[in-house]
Amino acid sequence: MAAELHVELVAADRSVWSGEATLVIARTTSGDIGVMPGHQPLLGVLESGPVTIKTADGNVVAAVHGGFISFADDKLSLLAEIVELADEIDVQRAERALERAKAAADAAAERRADVRLRAVTGVH
């Protein structure tokens with residue numbers, strides 16, 4: 001069996017996902033980062049973006065909006081303000097939100113809607 005790390009994906013209001021993974025890809029203020037078992041300890045600030053968690057059973061993808069990433073001793077914590085698993089996202093609603101945000105020139109709302117749509121499609 002391949003080496004794994006324990007991952008906790010937590011939103012401000014709930015625990016979203018917990019389990020074992022071989023790789024986690026997230027966007028930080030320093031750029032995209034991939035964390036595998038044995039990675040150097042890290043602490044970083046999460047940017048809004050899709051997070052991909054690669055497990056033995058496939059991928060878990062979530063839209064993450066702000067927060068922190070912490071890794072040590074093969075334990076990764078993603079603590080975010082808002083987290084939406086890809087299968088929880090209503091694509092039509094996110095598309096409408098993106099259109100409204102563009103029409104209103106609301107950059108923050110546009111970014112949130114775009115992240116939701118990228119999480120559903122698996123595009124980083």
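Student: What makes up the accessible surface of the chain, and how many Å² does it come to?

Tutor: It comes to about 6,800 Å², of which 52% belongs to carbon and sulfur atoms; accessible areas come from the Shrake-Rupley method with a 1.4 Å probe, and for residues only the protein chains shown count as cover. This is a predicted model, where local features need pLDDT of at least 70, side-chain atom pairs count only at pLDDT 80 or more, and totals for chains, interfaces and linings use all residues. Residues are numbered from 1 along each chain as its sequence is written, and side-chain values use heavy atoms, with hydrogens and water left out.

Student: Why does His65 count as buried?

Tutor: Buried means under 20% relative accessible area, exposed over 50%, and partly exposed in between (1.4 Å probe, protein chains only). His65 has 4% relative accessibility, so it counts as buried. Of the 124 residues of the chain, 42% count as buried.

Student: What makes the pairing of the His65 and Glu84 side chains a polar contact?

Tutor: The term needs a pair of N or O atoms within 3.5 Å; within protein, one must be able to donate a hydrogen and the other to accept it, and residues adjacent in sequence count only if both atoms are side-chain atoms. The side chains of His65 and Glu84 make such a contact at 3.2 Å.
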